[in-house]
Amino acid sequence: MEFPKIVTTPPGPRAQEIIEREKRVISSGLGVKLFPLVPERGYGALVEDVDGNVFIDFLAGAAAASTGYSHPELVKEVQEQVKKIQHSMIGYTYSKRAIEVAEILAEKAPISEPRILFGMSGSDALDLTMMAARFSTRKPWIVAFIGAYHGQTYGATSIAAFQSSQKMGLSPLIPNVVWVPYPNPYKNPWGINGYDEPEELTNRFLDYLESYIFAHVLPPDETAVLIAEPIQGDAGIVVPPENFFAELKKLLEEYGILLAMDEVQTGIGRTGKWFATEWFGVEPDLIAFGKGVASGMGLSGVIGRRELLENLTSGSALLTPAANPVVSAAAYATLRVIKRENLLENALRVGRFIKKRLSEMKEEYEVIGDVRGKGLMIGAEIVNPDGRPDPELTGKICWRAFELGLILPSYGMFGNVIRITPPLVITEELAEKGLEIMERALKDALAGKVTGRTITWH
């Protein structure tokens, strides 16, 4: 397949027709349309739309299409399974494929002798995480981070703090949640340069948590869990100091508080390790997973310490389609492909290439304020000359990239971070071409040649 290939300026006529049809029947609450893109088919890290335009994909469907598109082994496993039986309810019967998937996840997870719950999306995986934490500890309070996007169910929305609009008109939400600032090395409330002084940033946060939050806001003895993304995703690919989670875990253990990691976006090889938690040398009590585990085909869940998940009330975590035979087959194929094709190593290798090239661009273009990430989870922060976020320029860069054949989303708490989370199968050749398009888009935007801009959360 030729890449990229723009046969008509997107959105083309067929795409425009479908977009108009959607407006007549589908609620706007379904999502934020980043691009006027109507995919028809995909191969590897390429997406073809209904008008025949072929794009390099730096999004992977919100970092979910881990093995790319139409991977032969995934297709084969899913087709063979659906011919046999498409549904059996894991809550009532036993599923060989689901058990095999659980065995692989239990082997890879940085938790000793874990047990596993299955869900359908990252959102319900976070609901299950909250349920497990509160049920096992019999404590009501939850601590979460500002900037965290945990999902869209009522439970996940209740603990999220990405954009306030996410909660508009939905109260009352689940109570007993307190939010704290994430230790962003680039910009944080304490004004510390976390790249130069990572330990100082960690210590300042821990002092804030203990001296202000635990002392004055919520009783630590009644706190069940702190829920964190090991690398914040939608907030702008924010990587905390290397020692942060190890030191945080020590403090939480003093108070008997669990540490739960939301690895829905970061897990299953995205950062070059099976779970991003491994980068930080800590063993959490609970891990939520989803997105890439079945290459985006609707499987999620929680991995947790045996004593936390083994005694849940029978049926309390039951979801009818969870880990059905077809999505379990997709997950089984995905996990095998990641291992056999060395996609963790590929994520590290191509990720290093992308970060190096972006760092070179940062030296040339002062509007790139920061480049950060691990593996194939990378962010480039776009700023004004005074260092403030520049969402307008960011949106124009991403729009021009789309016109040139690159799916390049803008994200971040202030809409000014270019997010690069391609399929784990992306090659260095594709990545290089994508970065060439990004740089051309950046030049065009700076030259005032771009009138459109992508839409993001607001």
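Modeller: Start inside: the largest cavity has a volume of about 30 Å³. This is a predicted model, so local features need pLDDT of at least 70 and side-chain atom pairs count only at pLDDT 80 or more, while totals for chains, interfaces and linings use all residues. Residues are numbered from 1 along each chain as its sequence is written, and side-chain values use heavy atoms, with hydrogens and water left out.

Colleague: How is empty space found, and what counts as a cavity or a pocket?

Modeller: Rolling a probe the size of a water molecule over the atoms shows where empty space is left. Here a 1 Å grid is laid over the protein atoms alone; a cavity is a set of points where a 1.4 Å probe fits but cannot get out. A pocket is an open set with protein on both sides within 12 Å along at least five of seven lines. Lining residues have an atom within 4 Å of a point. Grid points are joined across faces, edges and corners, and a volume is the space filled by probe spheres set on the points. By this rule the count comes to 1 cavity of 30 Å³ or more.

Colleague: Which residues line the largest cavity?

Modeller: Its lining consists of Ala-63, Ser-66, Gln-265, Gly-267, Ile-268, Arg-270, Gly-292 and Leu-424. They divide into 3 nonpolar, 4 polar and 1 charged. Ala, Val, Leu, Ile, Met, Phe, Trp, Tyr, Cys and Pro count as nonpolar, Asp, Glu, Lys and Arg as charged, and the others, Gly among them, as polar.

Colleague: What volume does the second largest pocket have, and how many residues line it?

Modeller: Its volume is about 790 Å³. The lining has 27 residues, and Ile-90, Gly-91, Ile-116, Leu-117 and Phe-118 lie nearest the centre. Helix H4 (96-108) and strand S4 (114-119) are the elements that give two or more residues to this lining. S4 gives the most, with 5 residues. By class, the lining has 17 nonpolar, 8 polar and 2 charged residues. Helices (H or I, at least four residues) and strands (E, at least two) are DSSP runs, numbered from the N terminus.

Colleague: Now the helices. How is a packed pair described?

Modeller: Two packed helices are described by the angle between their axes and the distance between the axes. Axes are lines fitted to C-alpha atoms, for helices over the stretch in contact, and angles run from 0 to 180 degrees between N-to-C directions. Under 35 degrees counts as roughly parallel, over 145 as roughly antiparallel, 65 to 115 as roughly perpendicular and the rest as oblique. Take helix H11 (residues 343-364) and helix H13 (residues 428-446): the angle is about 20 degrees, with axes 10 Å apart. H11 and H13 are therefore roughly parallel.

Colleague: At what angle do H12 and H13 cross?

Modeller: Roughly 125 degrees, and the axes of helix H12 (residues 391-403) and H13 come within 8 Å. That makes H12 oblique to H13.

Colleague: And how do H7 and H8 lie to each other, parallel or antiparallel?

Modeller: The axes of helix H7 (residues 198-217) and helix H8 (residues 244-255) come within 9 Å and cross at roughly 25 degrees. H7 and H8 are therefore roughly parallel to each other. Their contact includes Phe-205 and Leu-209 of H7, with Leu-248 and Leu-251 among the residues of H8. By class, this contact has 9 nonpolar, 1 polar and 3 charged residues.

Note on methods: Contact = heavy atoms within 4.5 Å.
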